[in-house]
Amino acid sequence: MTTVAHLDLEAGPAGTRGGGGATSDAAGHDAEGGNVRKDLFLAYKTLGVVFGGLVTSPLYVYPSMNLASPTEADYLGIYSIMFWTLTLIGVVKYICIALKADDHGEGGTFAMYSLLCRHADIGILPSKKVYSEEEPLLHNQSAIARRPSKLGKFFERSIAARRVLLFMAILGMCMLIGDGILTPAISVLSAIDGLRGPFPSVSKSVVEALSAAILIGLFLLQKYGTSKVYGTHFTKFMHSPVNYDGTFSNCCSCTGAEAMFADLGHFSRKAIQIAFLSSIYPSLVLTYAGQTAYLINNVHDFSDGFYKFVPRPVYWPMFVIATLAAIVASQSLISATFSVIKQSVVLDYFPRVKVVHTSEHKEGEVYSPETNYILMVLCVGVILGFGGGKEIGNAFGVVVIMVMLITTILLTLVMIIIWRTPPVLVALYFIPFFIMEGSYVSAVFTKIPEGGWLPFAVSMILALIMFGWYYGRQRKIEYEMANKVTVERLGELLAKPEVQRIPGLCFFYSNIQDGLTPILGHYIKNMSSLHTVTVFVTLRYLLVAKVDEHQRILIRRLGPNGVYGCTVQYGYADSLGLDGGAGLAEQVTSCLRRHIETTADPRRSPASVEPELALLEAARSAGEVHVRGKMRFYVGKDTGWFDRFMLGFYEFLHGICRSSLPALGTPLQQRVEIGMLYKV
């Protein structure tokens, strides 16, 4: 049972139009004022959660640089490049352009890929072919926007191009996850390294051990949610280190800008823009200028990094603030990692892991236990394995610039395929950014043997997992859609004399909505039976916080007596389990009873309702059973090597990932799994 992934709904009701007089104008002004206050408050909170990695770069930038006998001209050149990198990438690319390429408020490379798939037929198996009822949801597009562009037609015709695009989006997301591994490691390690200034006897291993202990504590607190752990008052730590800012390297002078886009789901676009333009950008520009002025007079002090520039009277207060700032900065990439994992699980590109929403008001506040502990192990491993800041810095630079380059390519496709931007403007965007970031890529590739291999290794492993899972899921959906059981076919199966209707209430879970899963035919043929009341349940994930109670469970009759279809719609803050209220089975049963009693059908007499209700109560008294199909691939000897490897890998992942039924609070003794082999 899998949540329907590609649903295109906006949260909230549509606003009314028309006259409202002075009252509506006043209400509009009040609402506008409230939105401004909300945006300003959110902008304040972004200083820690979103921009943490950006403003704590002075902790590790200069210790990671290799400068041989730098001169005044060298430092002036470095500052010039940093200034234009911050301006072009930070302001022009992300603030002015990329933040507008969101997918229902979610940012990042994978969100842009999802946006492209919803507006053009470029997915490996487009969602609109599977879930046909989503077509009307694109009604607000113009006829021109719905007509594919020449580039869109090229991707639609070329399966190779679509696979490359998917792999690029997956690689960009995996690089961001690699960023979530490296940012906490390098930030905390560089902050704790300040102990060695006043205490030269403190060994490197002690610094590494303390850094690892802090990170372990940080990851153990993640289950309480970002807001509860950090709160809004922690954001004030983010500005203190900026007074002594430095540069990591030219390409990493805007380290953390990629998190600004990936963390878009946590806050609003306007809040991020306000915070960056009014505070972050001018602070970084001025402090980089001050840093450059200091280094011109002290050309060899870059190797001591951040703490060399701190005045001795405030050394220890700055050490405490820097450590706290590094911890909060780590949260921006940890939160971004949770967000992209949640996006990929919802869109069925990643094996099922537990995703917990720690806030009912913000979709972006999520927590994944498995992801959290894997990140913790990898972060601690990076600290203990690399130790030095230069190796981690090399790996960090590879991650940052690769994410930015992939974002540039995908954003260009969004401009051409969706926004229909004039070619001249597209060229003005793509050519300068591709040349600049391509130059940075060529520079950081020289660091691959010196630590830069780590993010590539992690990203390739994650990309293989995601691509293998997605490929297997889509092959299963293709088979289900080609072999689905229609209502007419179900009637024919139940009409056979050898098929019996046994007492009981059965919830049969299905992946598809416009038909019944082929496992049903397999079940009836082999068991020669079906429960007297059978409800085919499909879960449907909506991009809203909570679904109204009257819209949450939709019941329909499927024709044969006692057979119903049920679509359970839920938002990211809805709970489907037993905690906090009635279980899913009880809710569906109540809605089914209501449906029988209130369905308007003039051809039905009130007397015909009673037997149907009695049948439902008798079936419920006889017992409930929850049936889930488990379709597995049978890879024959004549199968190609690609399918043999990818489907075998998918079966391995499917065997170790979480089942979807336990999340519904279904008792173990009521669960039944029906296996079915699908020969490839």
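Contact here means heavy atoms within 4.5 Å.

## Model and overall make-up

This is a predicted model, in which local features need pLDDT of at least 70, side-chain atom pairs count only at pLDDT 80 or more, and totals for chains, interfaces and linings use all residues. Residues are numbered from 1 along each chain as its sequence is written, and side-chain values use heavy atoms, with hydrogens and water left out.

The protein chain has 23 helices and 8 strands. Helices (H or I, at least four residues) and strands (E, at least two) are DSSP runs, numbered from the N terminus. Of the 680 residues in the protein chain, 57% are buried. Buried means under 20% relative accessible area, exposed over 50%, and partly exposed in between (1.4 Å probe, protein chains only). Among contacts in the protein chain with a separation of 6 or more, 83% join residues 24 or more positions apart.

## Threonine 421 and helix α16

Threonine 421 sits in the loop between α15 (389-417) and α16. Its relative accessibility is 18%, so threonine 421 counts as buried. Neighbours within four places in sequence aside, threonine 421 is in contact with Met415 and Val426.

Val426 is one of the buried residues of α16. Others in α16 include Tyr429, Phe433, Met436 and Glu437. Helix α16 (residues 423-444) has 22 residues. From first C-alpha to last, α16 reaches 31 Å, close to the 32 Å expected at 1.5 Å a residue. That expected span is 1.5 Å times one less than the number of residues.

## Methionine 175 in helix α8

Methionine 175 lies in helix α8. Methionine 175 is buried, with a relative accessible area of 0%. Neighbours within four places in sequence aside, methionine 175 is in contact with Val399, Met402, Val403, Pro455, Phe456 and Ser459. Methionine 175 and phenylalanine 456 are 281 residues apart in sequence, yet 7.7 Å apart in space, C-alpha to C-alpha.

## Helices α8 and α14

The axes of α8 (residues 159-192) and α14 (residues 369-386) come within 9 Å and cross at roughly 50°. Axes are lines fitted to C-alpha atoms, for helices over the stretch in contact, and angles run from 0 to 180 degrees between N-to-C directions. The two helices, α8 and α14, are therefore oblique to each other. Angles under 35 degrees count as roughly parallel, over 145 as roughly antiparallel, 65 to 115 as roughly perpendicular and the rest as oblique.

In α8, Ile177, Gly180, Ile181, Leu182, Pro184, Ala185 and Leu189 meet Leu375, Leu378, Cys379, Val382 and Ile383 in α14. The residues of this contact of α8 with α14 divide into 11 nonpolar, 1 polar and no charged. Ala, Val, Leu, Ile, Met, Phe, Trp, Tyr, Cys and Pro count as nonpolar, Asp, Glu, Lys and Arg as charged, and the others, Gly among them, as polar.
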